[in-house]
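Please look at the strands of the model shown below and at how they pair.

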Amino acid sequence: MRLLKFLQANRYGNKRLFIFKAAKIWIMILAISLIVPCGYSKQIPPIVLSEKEFIVFKVEISGPPHTIDGYNTGAFDATVVPPIPVTSYQWTWEIGIGAVGNNPSVNFSTPNQETTTIINAHWYARPNSRLLAITGWNCEYKINCEITVGGITCNDPTPHIWRVYLPSPPATTSWPIITGMPVIGIREVNGNDEWYVTGVGDLRRTTPEVISYIPPTSQFYYKIVIVHEGRHVEQLTSMDPWQNLFNANSLYNNTLINMTSTISEADLEQQIQNAINVQIASDKLTAEMTRIDAERDAFNQSNTAPPDYLEVDIP
Ligand SMILES: [Zn+2]
């Protein structure tokens, strides 16, 4: 009824493009609509309101272009042109033909409303391979909405392309560094001032930090952040050779504790800082040279964790 009232109100308005009264055209377009299924061509379907009137409409989908696995999306909108009262909305998705893995799925928050969001974006594998080198980080869904007006159902002939991805890299682990400064004292040696190291002060090795670019709701959070990056933390904390890199205590006991200056406190601080910088540079070089071993070891751990996708084999 609202639709009829709307159309009657606009009968003599600027809706001439959409409302026709000529029975001749009505018969012609009705015939076309029977031949061309709605929503699968550019053909705009007619809605028959009476023997003398009908309206044509089209559907346009808009929404976010991409979302990281595990996040909820912003709004997807189904717009009917011209704006007429809609009987029902049904949001749909598809991925096209071809073998895939990891169970593609789309969970609409409000599958029967004009606006919806997608809950927990889900990455799937195309083709169905466990290897990142074959699938890459991205997958693609086609999002659409079937809209019914006056008994005619129509969708957008060009569905909205929405990608789900994991950023590269999805997470990292920062190396520790040596930071802080030992305590410096002054004493007299052979009648001259001498600055020397009296204690470890706040000199220390920082702890390795995991930085995640995927949310805890991602299906890969456990595999990548907890297991893989967790293994890197373990390497840097308690496994050779990495646990011995950036070792502030051994630098202090072997080198810094014996440093002195007869010039000034600032001079001794500079000597200490230089020694720290040399140690950091040397340890970074070792870390780089053993990175492949660290990754092989970490992937050996994370490849056994579900889901069995986005995996890397290091020989
Ligand atoms: Zn790694």
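Strand β5 (residues 66–68) pairs with β11 in the parallel sense, over three bridges. Two strands count as paired if DSSP finds at least two bridges between them. Strands are DSSP runs (E, at least two residues), numbered from the N terminus. In this pairing, I68 has Y165 of β11 as its bridge partner.

The structure is a predicted model, in which local features need pLDDT of at least 70, side-chain atom pairs count only at pLDDT 80 or more, and totals for chains, interfaces and linings use all residues. Residues are numbered from 1 along each chain as its sequence is written.

Strand β11 (residues 160–165) also pairs with strand β9 (residues 138–149), here in the antiparallel sense over six bridges. K142 stands opposite I161 in β11. Strands of a sheet pair through backbone hydrogen bonds, either parallel or antiparallel.

Another group is an open sheet of three strands in the order β4-β6-β8, with antiparallel pairing. Strands β4 (58–62) and β8 (115–116) each have a single partner strand and stand at the edges, so one side of each is left without a neighbour in the sheet. Between β4 and β6 (residues 76–81), which run antiparallel, there are five bridges. S62 stands opposite D77 in β6, and K58 has V81 in β6 as its bridge partner.

The pairings with a stated number of bridges are listed here.

| Strands | Sense | Bridges |
|---|---|---|
| β5 and β11 | parallel | three bridges |
| β9 and β11 | antiparallel | six bridges |
| β4 and β6 | antiparallel | five bridges |

Note on methods:
Helices (H or I, at least four residues) and strands (E, at least two) are DSSP runs, numbered from the N terminus.
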